[in-house]
Amino acid sequence: MEPNSVKNIGRRVALLYDERMCKHWDPEDKYHPESPERIRAIWKKLESAGIPERCVVFTAKEAKDKYLELVHTKKHIGLMRNISSKSFDSRRSKIASRFNSIYFNEGSSEAAYLAAGSVIEVSEKVAKGEYNSAVAIVRPPGYHAEPDEAMGFCLFNNVAVAASFLLNERPELGLNKILIVDWDVHHGNGTQKMFWRDPRVLFFSVHRHDFGSFYPGGDEGSLNMVGEGLGAGYNINVPWEHGQCGDADYLAVWDHILIPVAKAYNPDIVLISGGFDAAIGDPLGGCCITPYGYSIMMKKLTEFAGGKIILALEGGYNLNSISNSVLACVEALLEDKPIIGSPEAYPFASSWRVIQAVRQELSPFWPIFTEELQEKELLSRTYTFEPLLISNSESDDEKVEATIIAATEDLSESSEANISEVHDIVQVLSLLKVDDSNMDKEVALTKDCLSECLEQTSETSDSWRSDYAKIDIWYGSYGSNMWKPRFLCYIEGGQVEDMQKTCPGSKDKSLPKETMWKIVPHRLFFGHSHSRTWGSGGVAFLHPEINIDEKAYLCMYKITLEQFNDVLLQENRLTPSVASPLFDLSALDLVVKNRSMKLEALLDGWYSNVVYLGTEQEIPILTMTCSLADIEKFKSGVPMLPPSEGYEKTLVKGLVEGKQLTQGEAEDYLHTAARRGL
């Protein structure tokens with residue numbers, strides 16, 4: 001591991017990148033989100049900004065088995081060491097399928113050893129004082145990897161290995177307390193398990209949890225998981241209740257949980273599990289942290305351990321977001337340019353609720369949390385993180401307050417009428433076309449507060465279904481559901497002629513309130529070679545991007561958001577029996593802003609991408625199709641075949657009985673769509 005020459009260094013920052021870690025890729029999915037392009041894009045961005053010249057750049061070094069054994073079992077290490085050997089060629093894919101979200105290829109072993117070894121190497125150099133801080137651009141990530149199991153794209157737990165190495169293999173360095181900050185959008189379940197009883201490591205994870213429904217799921221990421229034995233109180237989880245959390249929410253957690261407890265703990269070094277899938281635009285995370293937000297989070301952590309910080313890359317799957325966010329963090333470590341700008345956002349009310357609950361849970365272990373935050377601080381309309389975030393308009397604040405009071409003054413009654421009114425207001429606000437870069441603060445705050453009021457009011461109702469049954473949407477179909485009897489199979493259950501599979505139907509079997517047709521500027525095409533419902537042949541897809549030179553017929557059904565959730569599940573071959581909505585109000589808001597949204601829970605589904613097609617009668621029009629990544633698969637190998645005779649006959653019935661086309665015109669429309677390649 002030889003460093004490059006370096007010029008004009010203020011703070012000495014080590015930077016690690018090695019192209020050999022790109023040898024790990026999914027042989028069965030060229031467009032898998034955890035791809036080599038992640039670190040290549042980051043490195044390209046850093047090079048374009050001249051960052052390598054201002055840092056000391058290292059190449060990777062493989063970890064030794066004896067260091068991996070500090071946190072992993074010998075059996076697991078043996079498998080990871082040998083999985084890329086020729087003796088595993090015929091069974092590598094089958095072994096990968098036994099794990100949760102894991103793939104292997106001929107380069108996986110080398111990449112995994114390099115990733116873990118790299119974090120060990122730079123951590124030791126920072127611990128020795130050779131460098132002030134370090135950034136390890138490594139893959140595969142590590143925070144999900146458990147002692148005896150790979151999962152969630154992670155093979156070895158890179159940060160946990162490095163922390164254990166410093167504590168157990170280098171006692172002469174005098175590191176007795178390590179703070180691990182995991183800001184990846186997913187819970188660091190593997191790291192948590194490895195230090196569950198160890199007070200030498202304070203593990204802090206802020207993550208999307210969605211009451212246990214967000215990956216990796218279950219209760220491990222809950223706020224009451226605080227550690228056991230001597231480690232009790234040294235495991236801190238901050239579990240968001242939904243997506244969309246951004247700069248304001250994360251900085252509130254920094255100021256009211258992480259910074260106070262870090263001051264009390266006084267760590268000797270800080271390791272960051274730096275996942276960037278909570279960044280704005282990430283396809284898996286659904287949160288909204290900006291590069292500015294990450295830079296402030298990093299800057300606040302430099303106040304500890306004399307600025308000895310190691311950031312190791314974890315998740316993050318939007319190449320632009322991850323590149324810009326890593327750049328912002330490196331620049332914050334270099335301290336060579338001021339951090340300017342402001343998110344000008346407000347924490348969700350649910351974020352305050354989580355912060356209070358976490359502080360209360362930790363108060364028996366950390367006296368700094370025994371005093372509750374003042375109510376006026378919790379309910380402040382403009383939460384101030386630092387001077388940049390202070391509102392300069394008192395009149396704006398008063399206007400916001402008046403708007404919210406007017407909209408919510410009767411919510412304490414929890415009546416069905418009030419719930420309906422709040423839904424109506426939230427729905428109208430959700431349909432506003434707002435630019436995220438300069439979102440009107442009154443709209444943003446009102447929408448957030450009204451959504452929270454709805455959440456709190458809904459707690460008194462029977463379930464999410466009773467609330468979502470009061471919200472109407474238009475479901476737009478361009479495929480077999482254009483024929484109403486076929487669509488009603490998703491509502492009432494059953495099957496029609498030529499269908500080879502019965503549909504369970506929706507929990508709410510009420511018929512659509514209205515049906516109408518619309519032509520949309522999107523490309524219709526047919527892909528895949530077989531479906532369980534229709535047998536051999538392709539099925540219809542709508543290209544998610546607008547193209548004014550294309551047109552597709554859309555049959556729209558006015559149904560409830562509850563029914564839409566059930567249709568979404570059935571379209572993706574799942575049964576509509578879930579404890580929480582797959583497509584919730586936060587998702588509705590996001591898809592209206594971004595026009596499409598890939599649902600993480602349906603990664604393997606053909607119709608996992610919800611697309612917003614505008615409004616009709618001030619009600620959003622939603623459809624479901626494939627993602628842009630799937631489009632690339634159709635271009636490079638996934639079959640594009642015409643529909644089967646029975647499937648085509650059903651589409652023709654829909655167009656003809658809907659009085660959109662004649663029999664001949666409908667057949668020509670479908671044949672043209674089936675013949676054209678992407």
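Rings of Phe, Tyr and Trp (the six-membered ring of Trp) count as an aromatic pair if their centres lie within 6.5 Å, with planes under 30 degrees apart called stacked, over 60 edge-to-face and the rest tilted. By that rule, this predicted model holds 26 aromatic pairs.

Before selecting anything, note that residues are numbered from 1 along each chain as its sequence is written, and that side-chain values use heavy atoms, with hydrogens and water left out. Because the model is predicted, local features need pLDDT of at least 70 and side-chain atom pairs count only at pLDDT 80 or more, whereas totals for chains, interfaces and linings use all residues.

**Stop 1: an aromatic pair and its core**

Select Trp183 and Trp254, whose ring centres are 6.4 Å apart and whose planes stand at 40 degrees, so the pair is tilted. Trp183 lies in the loop between β4 (178-182) and α7 (189-194), while Trp254 belongs to helix α8 (residues 247-265), so the pair ties together parts that are 71 residues apart in sequence. Helices (H or I, at least four residues) and strands (E, at least two) are DSSP runs, numbered from the N terminus. Both tryptophans are buried, where buried means under 20% relative accessible area, exposed over 50% and partly exposed in between, with a 1.4 Å probe and protein chains only.

A nonpolar core is a set of buried Ala, Val, Leu, Ile, Met, Phe, Trp, Tyr and Cys residues joined through side-chain atoms within 4.5 Å. The largest such core has 127 residues, of which Ile137, Trp183, Phe204, Val238 and Trp254 touch the most other members. Helix α8 gives the most to this core, with eleven residues. Apart from it lies another core, of 70 residues, among them Ile491, Phe526, Phe583 and Val652.

**Stop 2**

Two strands pair if DSSP finds at least two bridges between them. Strand β1 (residues 13-16) runs parallel to β3 and is joined to it by four bridges, with Ala14 partnered by Ala134. Strand β8 (residues 309-313) also pairs with β3 in the parallel sense over four bridges, and here Val135 stands opposite Leu311.

**Stop 3: the backbone in the loops**

Most residues other than glycine have a negative phi, and most peptide bonds are trans.

For positive phi, select Asn266, in the loop between α8 and β7 (269-274), where phi is about 55 degrees although the residue is not a glycine; Asn266 is partly exposed, with a relative accessible area of 47%. Lys659, in the loop between α21 (645-657) and α22 (663-675), has a positive phi of about 60 degrees and is exposed, at 75% relative accessible area.

**Stop 4**

Four bridges join β11 to the antiparallel strand β14 (residues 539-542), and the bridge partner of Leu524 is Leu542.

Then select helix α20 (residues 628-635), in which Asp630, Ile631 and Phe634 are buried. Seen down the axis, the buried residues fall within an arc of 110 degrees, so they line one face of the helix; the arc is that of the directions from the helix axis to the C-beta atoms. These buried residues of α20 pack against β11, β14 and β16 (596-598), contact meaning heavy atoms within 4.5 Å.
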